[in-house]
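Let's walk through this protein together, one piece at a time. Have the sequence and the 3D view ready as you read.

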Amino acid sequence: MLILAKTEFDSVIGAFTPLSIKKGYGGHQSDKKGFTFLFSLTNEDKYSLTNNKKAFEITPIGSGPSFGDKDFSIGNNASTMQTSRFDLGNTFQIPEKYESKQEAIKSFIGAKGNEKQVNSMIRLKEWEVFQVY
């Protein structure tokens with residue numbers, strides 16, 4: 001599965017996992033081969049999976065997919081409300097060029113200055129899910 005999204009700050013981000021969506025919801029799926037990753041097309045960054053126990057999950061009905069331990073979670077009504085969460089660094093490795101977790105998150109979502117803090121909720125202008133075979 002490939003997800004592409006555009007944040008409210010016009011940053012183009014995404015996630016890839018070879019794992020398939022299972023019926024129902026709840027519980028993380030493992031990626032034993034470590035192929036799941038997050039990325040920023042805007043910043044040309046890749047966030048590699050460091051803990052394969054929490055690679056991906058479909059959260060309760062009404063919410064979108066979640067990657068890692070809430071590293072990147074798409075919330076209910078993501079394109080109209082600030083419901084998507086970014087808490088990078090829990091399950092995905094932050095690139096070394098960033099001095100702090102907060103700096104990496106702000107860069108990932110495209111926030112400038114102090115507009116958003118760590119664990120903040122933002123709106124996604126657009127997001128699409130593609131099944132990859």
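A residue is called buried if its relative accessible area is under 20%, exposed if over 50%, and partly exposed in between, using a 1.4 Å probe and protein chains only. Helices (H or I, at least four residues) and strands (E, at least two) are DSSP runs, numbered from the N terminus. This is a predicted model, where local features need pLDDT of at least 70, side-chain atom pairs count only at pLDDT 80 or more, and totals for chains, interfaces and linings use all residues. Residues are numbered from 1 along each chain as its sequence is written, and side-chain values use heavy atoms, leaving out hydrogens and water.

Start with the overall plan: the protein has 1 helix and 10 strands. Read from the N terminus, the elements follow the order β-β-β-β-β-β-β-β-α-β-β. Of the 133 residues, 43% are buried.

Now find helix α1, which spans residues 101-109. Its buried residues are A104, I105, K106, S107, F108 and I109. They pack against β1 (2-7), β2 (12-16), β3 (37-40), β4 (45-48), β8 (84-86) and β9, where a contact means heavy atoms within 4.5 Å. Just after α1 comes G110, with a positive phi of about 90°.

Next, look at an open sheet of 5 strands, in the order β5-β6-β7-β8-β9 with antiparallel pairing. Two strands pair if DSSP finds at least two bridges between them. The edge strands, β5 (56-58) and β9 (121-122), each pair on one side only. Further in, β6 (residues 65-67) and β7 (residues 72-73) pair in the antiparallel sense over 2 bridges. Here S66 has S73 of β7 as its bridge partner.
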